[in-house]
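Take a moment with the sequence and the 3D view. We will walk through them together, one part at a time.

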Amino acid sequence: MIRLENVSKVYPTSARPALDDVSVEVERGEFAFLIGPSGSGKSTLLRLLIREDVPSSGTVWVANWNVGGLAGRRVPRLRQRMGCVFQDFRLLPNKTVAENVAFALEVIGKPRHTIRTVVPEVLDLVDLAGKAERMPSELSGGEAQRVAIARAFVNRPLVLLADEPTGNLDPETSAGIMTLLERINRTGTTVLMATHDRQIVDSMRRRVVELSAGRLARDDARGVYGVAR
Amino acid sequence: MMFVWREAFAGLRRNLTMSIAMVITTAISLGLLGAGLLAVRTIDRTEDLYYSLIAVQVALDEPTSADDRDCSSPVCTGLRGELEASPLVASVEYESRDDAFARFQRIYAGQSILQLVRPQSLPATLRVTMADPLRGEEIVTQYTGRPGVRNVVDQRSTVADLFSFLGSVRNATFGLAVVQALAALLLISNTIQLSAFTRRTEVGIMRLVGATRWYTQVPFLIEAVVTGVVGAVLATGGLVLGKVFFLDGLMSGRLLANTIPPIGMSDVLGYVGPVLVVVGAVIATATGYVTLRLYVRT
């Protein structure tokens, strides 16, 4: 589902490459953690996957798309099949919970009757059925992240990318988010989650891909966060 | 598509003062453009009006004019035949000295100049109506100095002053319209940039969930087009008011009453209004598109 072949990324302002000859593959339906300290290249890798950036060399594959070589006008098609969740939720503050989720469907031109049926279903999936008309400012961090996940999942993406989704949440709330991501993973969606959260990685016992200074440091099928850290 | 319209109007409301400035500037520039178009139309009509009336006058000299009631003298017949044979000429009419005097009496009825003029002081004339009124000068050069001819006058040169006045009114209006249009373009461009900047988070999220660039940018274009169209409608309204309260009074006044054909309401609403709406929409769209291409990279 996701395949990186000898991918390097050099930013013009930095001497050291952000990614240095990384090759890794994530199968369809897999759940993988992407770990490593700040500046190790996790975010860069995610940015390459959604074509926010193009690799300096090497090839990035998502499903059957050669992401780096994709023409600009085809990028929306790629992103419509991917969901993204971020540490800072990125909800639209002037729209209700339901509108935020509906937004992802509206911008790709889904008909209104589809939106009306799909949005409540997804809000139900993330246990927010009762808060559809709330504004983001009225939500707790955990609830906000659930809305973000609902929005990322509402198009039934092939891949869900999560960039430190629990970074701003307490451990208990984080656990709830992880349960939700697992639930989504069980529907067949490939999940790749970048994280610093040792406790989560250790408790989940899923695949762990570790980056260190832009290089692939470790790739364990059922890994833990690491002993030295 | 509802979504796109909602976004566009939200954008216009958000920068309300800027939107108003944008609409006013656009309206003024389009109004000037409209005034220019009306001036052109009036000039064309005035020209048509005058060209149907004016002629080249070939005045005959004293011996030829004397006692010839119907152009029967050999010199007059010769000139007339030659003029009628010319492809430049539509028709030739002879006005004898007595006819000229009668017309003179009619025009200046009751004025003291009448006492000073006798039939003998007026020449007999061949009034030449041109097939192409613009080529009267050729008749003037051909016939000036010919035997029996006193002088040749192209009446067009007498009304040329009027046309050149109307022409400069038109040019000045268009000049102002261009300057104003430039200001309107810059304002529209600036407002779109501002609008795009305030909505960059929103647009970023839209792009993230797979919205096309086109979809994220259409609201900005609609903002621009709405501005252009509203501006055009206001400009047309302004022209209507200008016509009713200013031009109509001026045109019916003593000086201009029968000199310049009046501008009708249908000229404003049926011709200039639609033109302004189209021009406003097209220019606003083009400005918006170029701005988005050049300055808005999200």
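A salt bridge is a side-chain nitrogen of Lys or Arg within 4 Å of a carboxyl oxygen of Asp or Glu. Side chains of opposite charge can pair when their charged atoms come close. Over all chains, the whole structure holds 23 salt bridges. A:Arg215 makes one of them with A:Asp20, where the closest N and O atoms are 3.3 Å apart. This pair links distant parts of the chain. A:Arg215 is in strand β10 of chain A, A:Asp20 is in strand β2 (residues 19–26) of chain A, and 195 residues separate them. Helices (H or I, at least four residues) and strands (E, at least two) are DSSP runs, numbered from the N terminus.

A word on the source. This is a predicted model, in which local features need pLDDT of at least 70 and side-chain atom pairs count only at pLDDT 80 or more, while totals for chains, interfaces and linings use all residues. Residues are numbered from 1 along each chain as its sequence is written, chains are lettered from A and ligands numbered from 1 in the order in which they are written, and side-chain values use heavy atoms, with hydrogens and water left out.

Strand β10 (residues 215–220) of chain A also holds A:Arg218. A polar atom of the A:Arg218 side chain lies 2.8 Å from the backbone oxygen of A:Tyr225. Contact means heavy atoms within 4.5 Å. Leaving aside neighbours within four places in sequence, A:Arg218 is in contact with several residues, including A:Ile35, A:Val208 and A:Glu210.

Now turn to chain B and its sheet. Two strands pair if DSSP finds at least two bridges between them. Four strands form an open sheet in the order β2-β3-β1-β4 (chain B), with antiparallel pairing.

β2(B) and β3(B) share six bridges, and B:Tyr94 has B:Leu126 as its bridge partner in β3(B). Four bridges join β1(B) to β3(B); there B:Gln57 stands opposite B:Arg127. Five bridges join β1 (residues 56–60) of chain B to β4(B), where B:Val58 is partnered by B:Val152. Helix α4 (residues 74–85) of chain B packs on this sheet and touches β1, β2, β3 (125–130) and β4 of chain B.

Finally, see where the chains meet. The contact takes 19 residues from chain A and 14 residues from chain B. Buried area is the accessible area (1.4 Å probe) that two parts lose on being put together, summed over both. Chain A and chain B bury about 1,500 Å² between them, 63% of it on carbon and sulfur atoms. A:Arg79, A:Phe103 and A:Val107 supply 34% of the area that chain A buries against chain B, more than any other three residues. How many salt bridges lie between chain A and chain B? The count is zero.

Note on methods: Axes are lines fitted to C-alpha atoms, for helices over the stretch in contact, and angles run from 0 to 180 degrees between N-to-C directions. A polar contact is a pair of N or O atoms within 3.5 Å; within protein, one must be able to donate a hydrogen and the other to accept it, and residues adjacent in sequence count only if both atoms are side-chain atoms.
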